[in-house]
Amino acid sequence: MSTLRVNNMTNVGGTASTYAPGHIVQVVQWRRPATEGSGQGTLLVTNSSSFSTFMSASIVPKFSTSKILVNVSFYVYNGSTTASSGESRILRDATYIDGLTYSSSYNLGNTFIGSHMSVLDSPNTTSQITYNVQGMKSSGNTLQFGYADSGGTEHASITLMEVAV
């Protein structure tokens, strides 16, 4: 059995940072903790059929070959007794990269929908990237994106992980 011991590693390009493929280089997270009080922590209340941004986070990749794993989690609330539907999507700066369509087809009030999106993006840059999460109402009544309930149990977050390739 052999043991490799080193004090310092330098990659072929001469920089000190060396990351094995698949390793996490850096993590950026924006998280809105749950807020007490009905709807007090809601990020977007909309009755519009146009997309609006309600969460974003930025990262500066260390390597142009890296991939960015984007994880998004939030709740959508329909407080109406009428069915409603909506959409959410993730943008890299202004470029669409992933989306989710959901429907609150229950004819009951206080309908919560847990929304979770995950996408592995290949931005091919070392410049700052901003990932935006947007939502809109497709039909029905007002929807609340990033809703925090009166018990303070709902949160919203966007996590960006740079993955070495």
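Predicted model: local features only at pLDDT ≥ 70, side-chain atom pairs only at ≥ 80, totals over all residues.
Student: How do the planes of F54 and F74 stand to one another in their aromatic pair?
Tutor: The count of aromatic pairs comes to four. In the pair formed by F54 and F74, the centres are 5.0 Å apart and the planes make an angle of 80°. Planes over 60 degrees apart count as edge-to-face, so the pair of F54 and F74 is edge-to-face.

Student: Which strands does the pair of F54 and F74 link?
Tutor: The two residues are 20 residues apart and belong to distant parts of the chain. F54 is buried, as is F74. F54 lies in strand β3 (residues 52-59), and F74 lies in strand β4 (residues 67-78), which gives the strands β3 and β4.

Student: Why is the pair of F74 and F145 called tilted, and which residues form one aromatic cluster?
Tutor: The ring centres of F74 and F145 are 6.4 Å apart with the planes at 45°, so this pair is tilted. Because F74 lies in strand β4 and F145 in strand β9 (residues 143-145), the pair ties together parts that are 71 residues apart in sequence. F74 and F145 are both buried. One aromatic cluster is formed by F54, F74 and F145.

Student: Is P33 buried or partly exposed?
Tutor: P33 sits in the loop between β1 (24-32) and β2 (44-46), and its C-alpha atom is separated by 6.9 Å from that of A156, 123 residues apart along the chain. Buried would require under 20% relative accessible area, and P33 has 46% relative accessibility, so P33 counts as partly exposed.

Notes. Residues numbered from 1 in each chain as written. Heavy atoms only, no water. Helix = DSSP H or I, 4+ residues; strand = E, 2+ residues; numbered from the N terminus. Buried < 20%, exposed > 50% of the residue type's maximum accessible area, 1.4 Å probe, protein only. Phe/Tyr/Trp six-rings, centres within 6.5 Å; stacked < 30°, edge-to-face > 60°.
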